[in-house]
Amino acid sequence: MEDTATLWRAWRRGRRGAAFEALVRGEVPYALDLARRLGADHGEAEDAVQESLVQLARERSDDPVRVGLRAWICRRVVLKVRMQARAG
């Protein structure tokens, strides 16, 4: 198994889908659970995680690796769930 930094570089440089999948595979269930614990229903939780993954795919810096991939994803999930709650 490749480490996070290696997978991130492979994704950023070559847009290797397999690298992105390997990066997020273990994080998605955790992020979904976090969103549900914050009060999102199933659909809202999926939307929050999906949006965080889109943001990750578009990220140009190495911040996700620098701060930790789980922390980076979960921060965005928390923000999205809070926005959903305010709008709802």
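This is a predicted model: local features need pLDDT of at least 70, side-chain atom pairs count only at pLDDT 80 or more; totals for chains, interfaces and linings use all residues.
**Note on a helical model**

1. Residues are numbered from 1 along each chain as its sequence is written, and side-chain values use heavy atoms, with hydrogens and water left out.

2. Leu-23 also belongs among the residues with the most contacts inside the largest nonpolar core, together with Val-24, Leu-56, Ile-73 and Val-77. This core holds 21 residues; a nonpolar core is a set of buried Ala, Val, Leu, Ile, Met, Phe, Trp, Tyr and Cys residues joined through side-chain atoms within 4.5 Å. Buried stands for under 20% relative accessible area, exposed for over 50%, and partly exposed for in between (1.4 Å probe, protein chains only). Two or more core residues come from each of helix 1, helix 2, helix 3, helix 4 and helix 6. Helices are DSSP runs of H or I with at least four residues, numbered from the N terminus. In soluble globular proteins, nonpolar side chains tend to be buried together.

3. How do helix 1 and helix 2 meet? They pack at an angle of about 145°, and their axes are 8 Å apart. The axes are lines fitted to C-alpha atoms over the stretch in contact, with angles from 0 to 180 degrees between N-to-C directions. On the helix 1 side the contact is made by Thr-4, Leu-7, Trp-8, Ala-10 and Trp-11, and on the helix 2 side by Gly-17, Ala-19, Phe-20, Ala-22 and Leu-23. These contact residues comprise eight nonpolar, two polar and no charged. Here Ala, Val, Leu, Ile, Met, Phe, Trp, Tyr, Cys and Pro count as nonpolar, Asp, Glu, Lys and Arg as charged, and the others, Gly among them, as polar.

4. The loop between helix 1 and helix 2 contains Arg-15. Most residues other than glycine have a negative phi. Arg-15, although not a glycine, has a positive phi of about 50°. Its relative accessibility is 41%, so Arg-15 counts as partly exposed.

5. Helix 6 (residues 69–87) has 19 residues, which at 1.5 Å a residue should span 27 Å; its end C-alpha atoms are 27 Å apart, in agreement. The expected span is 1.5 Å times one less than the number of residues. Among its buried residues are Trp-72, Ile-73, Val-77 and Gln-84. The buried residues of helix 6 pack against helix 1, helix 2, helix 3, helix 4 and helix 5.

6. Val-49 is part of helix 4 and, at 3% relative accessibility, counts as buried. Not counting residues up to four places away in sequence, Val-49 touches Val-28, Ala-31, Leu-32 and Val-77. Ser-52 of helix 4 is buried too, with a relative accessible area of 1%. Beyond its neighbours within four places in sequence, Ser-52 is in contact with Trp-72, Ile-73, Arg-76 and Val-77.

7. Is Glu-44 buried or partly exposed? Glu-44 is partly exposed, with a relative accessible area of 30%, and lies in helix 4. Leaving aside neighbours within four places in sequence, Glu-44 contacts Gly-39 and Gln-84.

Technical notes:
Contact means heavy atoms within 4.5 Å.
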